[in-house]
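The sequence and structure come first, then the notes.

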Amino acid sequence: AMAAPGQNVAVVVHRAGDLRLENRPIPEPGPNEVLLRMHSVGICGSDVHYWQHGRIGDFVVKDPMVLGHEASGTVVKVGSGVTHLKPGDRVAIEPGVPREMDEFCKTGRYNLSPTIFFCATPPDDGNLCRYYKHSASYCYKLPDNVTFEEGALIEPLSVGIHACKRAGVTLGSKVFVSGSGPIGLVNVIVAKMMGAAVVVVTDLSASRLQKAKEVGADFTIQVKNETPQEVASKVESVLGCMPEITVECTGVQACIQAGIYATRSGGTLVLVGLGPEMVTVPIVNAAVREVDIRGIFRYCNTWPVAIALLASKRINVKPLVTHRFPLEKALEAFETTKRGEGVKVMLKCDPTDQNP
């Protein structure tokens with residue numbers, strides 16, 4: 001399905017297994033919104049999951065929904081009330097926008113607001129399209145030395161920032177990251193940035209562990225069919241001690257169990273990966289050893305931090321992008337992601353500018 005350049009091509013999931021390229025009208029920004037010409041949008045596991053299954057937990061695709069929430073673009077039009085942005089500004093988009101000033105917003109934890117708008121979470125449309133309007137307060141100007149792709153990668157990077165903050169990573173921390181997909185990798189990058197002395201990563205895939213090494217992991221362990229206790233003791237033996245902090249990025253039951261067994265007494269386990277609603281875990285083992293188990297939900301207040309880190313070249317996220325497709329080849333891009341090839345697949349939405 002090809003569309004004329006003036007049109008708003010969008011990648012839309014209708015129901016499980018039904019993904020389409022469609023033309024949508026170009027939206028008109030409200031007083032506090034900006035209209036963006038989208039540039040780079042990353043594909044997330046959740047996008048693939050909505051396409052394959054039509055739902056994630058309680059979030060069900062009932063009406064056609066535009067996918068995409070890892071994104072950057074250029075301002076083309078601003079609403080009457082917008083003062084901090086102007087046409088031509090390059091911006092990264094924070095996809096979660098609170099709809100009301102509730103108790104969570106007042107305490108700065110707006111990600112927990114139950115009525116929050118979030119791109120590509122039913123029923124809210126995402127931004128995998130040519131033109132998209134968004135709340136201006138949640139569009140952040142990119143410095144000239146930060147690319148559009150780096151801007152789009154701020155979204156997954158934010159998960160790492162939020163998780164490592166909740167984990168309390170600090171100078172000299174010994175950290176175990178379980179899982180070496182995009183989210184495991186950003187946690188490696190951020191943990192090292194925050195002062196972790198050593199980071200060990202586990203995964204099934206040798207190629208993913210190689211990528212973890214590339215972004216700064218000190219040790220990698222390829223798991224095959226070890227028991228959770230065996231994985232934990234491997235982690236301890238490569239580190240020379242048990243890690244104070246474990247960041248679990250798979251959501252797999254056996255991995256959560258390994259995370260509890262691996263974490264040093266008095267340490268912290270942060271659960272980032274989401275699997276089934278009910279999992280069986282050795283909770284008493286965690287309780288009697290005072291291992292704190294923390295969850296995270298997306299992120300909050302991370303975009304300014306991420307932009308500062310990228311602009312100062314303190315972190316490098318460029319190795320995460322392994323595939324690029326023009327927006328017209330979105331279906332092929334989604335198939336690539338589904339097969340688990342590479343790390344981050346990036347869609348290029350602007351036919352006149354396919355650069356990173």
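**Salt bridges in the predicted model**

A network of salt bridges links R15, D18 and R20; a salt bridge here is a side-chain nitrogen of Lys or Arg within 4 Å of a carboxyl oxygen of Asp or Glu. The structure holds 20 salt bridges. This is a predicted model, in which local features need pLDDT of at least 70, side-chain atom pairs count only at pLDDT 80 or more, and totals for chains, interfaces and linings use all residues. Residues are numbered from 1 along each chain as its sequence is written, and side-chain values use heavy atoms, with hydrogens and water left out.

Pairs between distant parts of the chain

- R24 and D125 form a salt bridge, with 3.5 Å between the closest N and O atoms.
- R24 sits in strand 2 (residues 18–24) and D125 in the loop between strand 10 (117–118) and strand 11 (131–135), 101 residues apart; helices (H or I, at least four residues) and strands (E, at least two) are DSSP runs, numbered from the N terminus.
- K348 pairs with E149 in a salt bridge whose closest N and O atoms are 2.8 Å apart.
- Because K348 lies in strand 20 (residues 344–348) and E149 in helix 3 (residues 148–167), the pair ties together parts 199 residues apart in sequence.

- E214 forms a salt bridge with K211, the closest N and O atoms lying 3.5 Å apart.
- Both residues, E214 and K211, belong to helix 5 (residues 206–214) and are three residues apart, about one turn of the helix.

Accessibility

- K348 and E149 are both buried (under 20% relative accessible area; exposed is over 50%, partly exposed in between; 1.4 Å probe, protein chains only).
- K211 is also buried, at 13% relative accessible area.
- R24 is partly exposed at 24%, and D125 is partly exposed at 29%.
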